[in-house]
Every structure is written in C-alpha cells, then in structure tokens.
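Let's take a walk through this protein, starting with its annotated domains and then moving on to its aromatic rings and a patch on its surface. Keep the structure open as you read.

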Amino acid sequence: MTFSEEIRLGIPDFLPEPMPYDPNINHAPKRKEILNHEEKQLALRNALRYFPKQLHAQLAPEFIAELNTYGRIYMYRYRPTYDMYARPIDEYPHRSEQAAAIMLMIQNNLNPEVAQHPHELIVYGGNGAIFQNWAQYRLTMKYLSEMTDEQTLVMYSGHPLGLFPSHPNAPRVVVTNGMVIPNYSKPDDWERMNALGVSQYGQMTAGSYMYIGPQGIVHGTTITVLNAARKQRSEKGGPQDIRGMLFVSSGLGGMSGAQPKAGNIAGVVSVVAEINPLAAKKRYDQGWVDELHDNLDELIPAIKRSVEEKRTVSMAYVGNVVDLWERLADEGVHVDIGSDQTSLHNPWAGGYYPADLTLEESKAMMAENPDEFRKHVQASLCRQVAAINRLAANGMYFFDYGNAFLLQSKRAGADICTEDGKFRYPSYVQDIMGPMFFDYGFGPFRWVCTSGDPADLAKTDEIAARVLEEIMKNSPDEIKGQMADNIHWIVEAGRNQLVVGSQARILYADAEGRAKIALAFNEAIRKGEITRPIVLGRDHHDVSGTDSPFRETSNIYDGSQFCADMAVQNVIGDSFRGATWVSLHNGGGVGWGEVINGGFGMVIDGSADSDRHITEMLFWDVNNGIARRAWARNEGSIHSIEREMQRSHGLQVTMPSIVDDDIINLI
C-alpha cells in the first residue's frame, strides 16, 4: 500500500498486522492505575467505537491488555507502516493545500527525531500529546486528505469530531485540548479522563501541530542565558565578556534538549543533567551536546578546566541532577547561572525522577505505588533546593524556567520561600523575558517551508535579516538590543545546524517585524523566489497567547495574572482574522489546571488573501497582549501600545491612569 493510499484509507475495516514494539524508541512510562473496573469497561467501550463492529471481539482483549500494561489504550496495532516525517507538501493527498500543510505539521510533530515518545503520540514534556491514540491520527489524516476550503475540521482533545461546512476565510481546523470544567482540572482528573480516552494534555505546540523540535526553544533559551549572563556581569560590575561563565541545568528530553545548543550559541560553559540515557544519546547524536559524562569524578574536573580556559562547550551529565547540584555545592564550584527544565508540570508521571531511585525503579514505582513515589519526588526536591540555596549564597543567579520548579518545590516543603512567603528566586519571565521582551511585543515567531527544500529556508533567513535590519534603523532605543540579538541569531542560524525535522526557523519579533517579514515572504512566494507555501506560527509562550501566573504572565501585578481572558480572546480574534487553524488548551509548560494557552497556524501562498490575513491577524495576535499588559500598568507595554496607536489607524486602547503611591498609602 502506498503512502497516499494508507492516508486515504483512514481506519481500515479489516484487522491490520500488529506493529512491532521497538525497544530503541524512547517510550512513555506506564501511567498509574487510576480506573476502577467499571471505568476500565467504559475506556474499552470508548476505544472500540472507532472500529467496525466485526472487529470488536478481536480488539477488545488487545486494548484492555494495553490499558493494564501501559495505563492507556494507544492502539499500537494501528500505528502506520510508513516512516513518520514531514514530507514536501505536494506528496500529501489533498483537495485543500491548507489541509496538506496541516498534515505536514502533524507528521513533523510525530517524527522520532522530534517527538519525545513518538509511538505513544507524546511530543514533549512527558505528557504533551498530539493525539490520544492511533485511530484518532488515522481518522484525522483521512479527513484532511478529503476536506475542501469550504470545510472546517473540529478537534476535541485529539478526537476529530468531523468535517463541517464553513467558508474559505474560516479556519480549516479548530483545536481544543483539555477544556474541562474548572472543578475537574486537577492532575488526577487528567489521568482519569486521559485513561478513559476523552481528554488530553496538549502542552502548547504539541496538540496544536506547531512544534518544530528543540529549535523552537533554542532561541528563547539563548536569549534567556545571554541576558541572565549579562545581568550577572552588570550587577557585579565585571567585564561584559560572558565566555567562561558556567550555566547548570537539567533535562535533555523534549524542549529541554535545547539547553546545550543555546549555551554554545551564547558562548558559555553549560552542564545539563539527564537521567534517561536514550534522551542524552539522542541529543549527542544530533550534535546538540558536545560531551557525554556519566561519572562526576571525571565531570567536575572537566567543568573546572573549561571554565578556566573560557571554552564554549556543552556537557551532559547522564545521571540525576540532584547528585550534580550537591557535588557542585560540596566542592565549592562557582556556578554563574542555574535553572531547571525537568518536566515538573508532570512530577508524578515521568516528569521528574527522584535522586534515590534509578530510572527503572522510578518507572515501576510511579505506576505501582504512586503515593510512595510522590514522597520520593518531594524529598528529592527538598535536597535539590538545599543544594541550589548553597550555590546561590555564593553568587549563583538561579531562575525558574517556567516548568513549575518553584511551585512544586514549595508544595514539597522545600526551603524555596522567603520569610514573607514569596519565592526566593524569580521566574525568568519576571526578570528577563517579561520586562525586556513580552512587554514590548517581542515573542517567538516561527515559520516552516512546506517544500522541504533547505534553499527555501535559506532564502527566508536572508529576507528576515534584511527586514529586521531595515526596521532597526528607526527603532526606539529600548528595543534596539532585542533587534540586534535577533539579527545576529538569524544571520547565524544556518551555520548552527538548528533544523530537526521540518525546514523551520524561529526568531523573536514584535508585531511590526512579524508582519513585515511575513509580507516579504508572501511576495517572494508570489515571485517564485520561494517555491511553495510557508506555514507561519509561534510558540504559545508569547506576548498574548498564554495566561500562566507562574510563567508568561508572572510579571502581571494587578491581580489579573490568574485570569484567562487574554488567551481565549487571542484565539477568537485570530480565528476570524485569517488563521488557518487555531487551538485553545488547558495546560502547557507549568501544568494541567495551571494555565490556559492559545495558538494558531497560518498558511501563506503568495495570494492577496494571504497579504490581508498577515496584516490583520498578526497585528491582533501581538497587540491584544500588549494592550492587556499596558492595562496592568507594565511600563514597557504602555510605551509600546502608545507607539502602536500612533502608527496604526483605528486602534484605540483603554489606558490606565497611574495613581501616586502617596494616595494609596493613605489607606
């Protein structure tokens, strides 16, 4: 059967041959036992509804065995026989070119070079899923191959509800993930509903078809490390040269795999711990980490030599990060910058592995004795924080990288708060990304060349650099630094070998930059300088896309950081201004129930419609967030939205009146 035939077939009315279980693939850990007998029957009933009645008797024992063995029904038998990767757009069977682009993005998310647990449809973060099972994938791809530009595919937590009549300017796909009633948004609620097959955790770009591999966060991590290092140098009055500074963190799995590459681009010595040998080896084989070490007696001297020689080098410690932190503290190694990128939004199901257990012991205990595993995780977090506190006392700048490290450490009883109950350490958004980038409208703009041709990607790099250089000539002083860093990034992007999977790129840009770059791309497609359409998107980790009080909106101080109006309004506004698909998720980054985030994808094809969609939608997608941040009295956003109102006809934003402290202090 050809690739196109298998796509068009969808869910066959015959029983396909079982697909072999591949031990060389990084698999998701077994999920904990959470369903009772009646609920297991319901989960089986829910799974079998995808298949013809004549197959139920054969599939039922197989699916219940999966549920008992893995804690989920993945339907491994229905995994496709073809290789999973983003093909050039014209290789997809389609009636709508926009739908073909979405198929490309879905397959990129599941590419084994990109996805964390591809056979369990987990893209990153331990539980960030694109689908709940392989039947959903097959049916979705079939619908996309058949749909026209006058239909919209509706997706409920990985389940394709169906194709509905719409119109060419409507989104081709509308995605929701984890949109549960608020009182049912605790971690165990997710475990139960996911095991039942009725909801899923879509993370940010996993369940919305916009993940581009670790490159997506390399840029953000590079910017964060650069500015954290500069902050350290500036506050200590030292030289601005950051070479030889030591950055220590953890995680090489999904997005966290960006850290060593970002350290190299920033020019520091980086050491990242990773408990899973397969994840560490994958990053080493991809060239994203320079050295692998599994012995602290060898690693510590190597760190000291690299710092002394001011080498730019990335090292992976294949072991537990707590052991690394404690050894660094015991030996008095000066760490300049520290963070953590374990998946602590998911601490009880594979997002964090405690120091006193092996990887395999942890996998067994989290499924078989989850209450005991929870105790081990919390004890390990207390040890980790104690070591970090010792290093911070000697001058290390530590920041939370939005993975719920501070939150889970507090819940574990670790010494993570000051006497007044505030966290000892800032979120990176509070200190760096919020005031320097988000408040001014800068965020992770990304694009994918659907031709799959590296020459098209190189052309987009050239166009983006040219556009940014032109904009920078008239940029206000407060954003010139961001502009310069991003121009440097895009000029160097090709030689840094950032592509994993699709021919994709990312940079931080504001509304003006995003629109002008996209319009220039569209013109190049129109002229044939770029051969096929381009998919535009962004990480939801952006100015407007996400309401997350412990990350994206942690520098909102008017009390509205727990409100989700911005993310929901963002998706609604994008949907009628030209987005090709939109997505709204519960969860992402810091965990289920802790955040609401929204995203989009837009296919541009050189047409006048694409010009209009770029101009209307990208403007709203950024300025919605700047206006909200301005109303929260964020100084940078006040300046930005005032500047935008002068630049853009028809924009009228409600501005705050700033009250003097003397008035407030009378109360």
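Helices here are DSSP runs of H or I that cover at least four residues, and strands are runs of E with at least two, both numbered from the N terminus. Keep in mind that you're looking at a predicted model.

With that in hand, go to residues 437-642, the stretch that an unreviewed UniProt entry lists as "domain: Urocanase C-terminal". That span is 46% helix and 17% strand, and its end C-alpha atoms lie 16 Å apart. The unreviewed entry in UniProt also gives a "domain: Urocanase N-terminal", at residues 84-210. Over this one the chain is 29% helix and 18% strand, with 16 Å between the end C-alpha atoms.

Now for the rings. How many aromatic pairs does the model hold? The count comes to 25. Take Phe51 and Tyr78: their ring centres are 4.7 Å apart and their planes meet at 40 degrees, so this pair counts as tilted. It links distant parts of the chain, since Phe51 is in the loop between α2 (37-48) and α3 (56-70) while Tyr78 is in the loop between α3 and α4 (97-110), 27 residues apart. Both of these residues, Phe51 and Tyr78, are buried.

Next, find Trp447 and Phe521, an edge-to-face pair with 4.9 Å from centre to centre and 65 degrees between the planes. Trp447 belongs to strand β12 (residues 443-449) and Phe521 to helix α18 (residues 511-527), so the pair ties together parts of the chain that are 74 residues apart in sequence. Trp447 and Phe521 are buried too.

Arg87 lies over the face of Phe3, 4.0 Å from the ring centre. Over the ring of Trp190 you'll find the charged end of Arg72, at 5.2 Å from the centre.

Finally, head for the surface. Val659, Ile663, Ile664 and Leu666 make up a nonpolar patch there, and together they have about 400 Å² of accessible area. One of them, Ile664, is in helix α22 (residues 661-664). Is Ile664 buried, partly exposed or exposed? Its relative accessibility is 44%, so it counts as partly exposed: the cut-offs are under 20% for buried and over 50% for exposed.

Notes:
Residues numbered from 1 in each chain as written. Predicted model: local features only at pLDDT ≥ 70, side-chain atom pairs only at ≥ 80, totals over all residues. Heavy atoms only, no water. UniProt positions renumbered as here; feature names shortened; annotations may be inferred. Patch = residues over 30% accessible without salt bridge, like charges linked within 9 Å, V, L, I, M, F, W, Y side chains within 5 Å. Areas by Shrake-Rupley, 256 points an atom, 1.4 Å probe, with all protein chains shown as cover. Salt bridge = Lys/Arg side-chain N within 4 Å of Asp/Glu carboxyl O. Buried < 20%, exposed > 50% of the residue type's maximum accessible area, 1.4 Å probe, protein only. Phe/Tyr/Trp six-rings, centres within 6.5 Å; stacked < 30°, edge-to-face > 60°. Lys NZ or Arg CZ within 6 Å of the ring centre and 35° of its normal.
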